[in-house]
Amino acid sequence: MSEEIVIVTGGSRGIGASVCRKLAANGRKVLVNFAQNSGAADELVVEIRAAGGAAVAIQGDVGNEADVLNLFAEADRLGTLTGLVNNAGVLDVAQRVDEMSLERLNRIFSVNVLGSILCAREAVRRMSTRHGGKGGTIVNLGSASSKLGSPNQYVDYAASKGAIDTMTVGLALEVAQEGIRVNAVRPGIIDTEIHASGGAPDRVAELQSKLPMKRAGSADEVADAILWLMSDQASYTTGAILDVSGGRAILP
Ligand code: NAP
């Protein structure tokens, strides 16, 4: 029987890497996607295999359709797809909307929104019972910013995550009878390198005292929520958007 496989986009660092470690520890074979930093992806694969797990690293920009097709073709070669974690996401330096270039907007929306929808499309084509698949789960990475709007920082990023909330609900209903559950987590401030990539390496330390729990969350704390949404324990949960934000932005 073909081995079951889960794709984690942006699985090489941060929240995605924690998801890969935990899935592999639970006996799932993981396809660790990354964009540029092959060193981090290779290191993670070595770590997972040393711990007795199964993982393969695949380069690919989720904002590029050819790369997405290649990623899923690779999954087909390795086993039967039963899960997708749409985790790859990018932000940019703090700017007002009246300063943003089209190049910046294209990058944010093609990775965060188009990438997630293209990957979901490929996953549904493989997992849906409508297409002869055996079902599966999709978890999308939203953000508390979809409710906050992130003024003077990155309204573009926040808007892209608003699209993820909407896509989660719509796709969940579209495939509810086809053996696929679609959910999202909406993290608050999580201690990863994404803040440095947005030009604010001290963001976590600076914001900590303003957060409800007086601390940022860890990648592991978000990954635990994702693993639950993917598990059979969540068998009646679909279209849910779970705030994993330590109380930040929990009101609608
Ligand atoms: P991170 O530490 O910056 O890691 C990003 C990961 O995504 C890396 O593995 C990176 O690969 C990969 N990646 C970047 N662009 C990609 C692309 N075009 N195609 C494929 N992979 C790509 O990020 P994180 O903080 O773990 O965030 C993960 C997700 O959670 C994102 O969707 C983010 O928006 C969301 N989130 C994070 C926070 C937070 O505070 N950290 C809060 C709310 C939501 P390379 O190493 O090759 O670049």
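## Cysteines

A disulfide is here a pair of cysteine sulfur atoms within 2.5 Å. By this rule the count comes to zero disulfides. The structure is a predicted model, in which local features need pLDDT of at least 70 and side-chain atom pairs count only at pLDDT 80 or more, whereas totals for chains, interfaces and linings use all residues. Residues are numbered from 1 along each chain as its sequence is written, and side-chain values use heavy atoms, with hydrogens and water left out.

Cys20 is in no disulfide, and the nearest cysteine sulfur, that of Cys119, is 13 Å away. Cys20 counts as buried because its relative accessibility is 0%, where buried means under 20% relative accessible area, exposed over 50% and partly exposed in between, with a 1.4 Å probe and protein chains only. Cys119 is likewise in no disulfide, and Cys119 is buried, with a relative accessible area of 1%.

## The largest pocket

On a 1 Å grid over the protein atoms alone, a pocket is an open set of points where a 1.4 Å probe fits, with protein on both sides within 12 Å along at least five of seven lines, and its lining residues have an atom within 4 Å of a point. Grid points are joined across faces, edges and corners, and a volume is the space filled by probe spheres set on the points.

The largest pocket holds about 1200 Å³ of space. Its lining is made up of 45 residues, and those nearest its centre are Ala88, Gly89, Val90, Ile194 and Ser197. Among the elements that give two or more residues to this lining are α1 (14-25), β2 (29-34) and α4 (102-127), helices (H or I, at least four residues) and strands (E, at least two) being DSSP runs numbered from the N terminus.

## The second largest pocket

The second largest pocket has about 160 Å³ of space. It is lined by 14 residues, of which Ala216, Gly217, Glu221, Ser245 and Gly246 are the closest to its centre.

## Asn64 in its loop

Asn64 is found in the loop between β3 (55-59) and α3 (65-78), and at 32% relative accessibility Asn64 counts as partly exposed. A polar atom of the Asn64 side chain lies 2.9 Å from the backbone nitrogen of Ala66. The C-alpha atoms of Asn64 and Val175 are separated by 24 Å, with the two residues 111 apart along the chain.

Definitions and conventions
A polar contact is a pair of N or O atoms within 3.5 Å; within protein, one must be able to donate a hydrogen and the other to accept it, and residues adjacent in sequence count only if both atoms are side-chain atoms.
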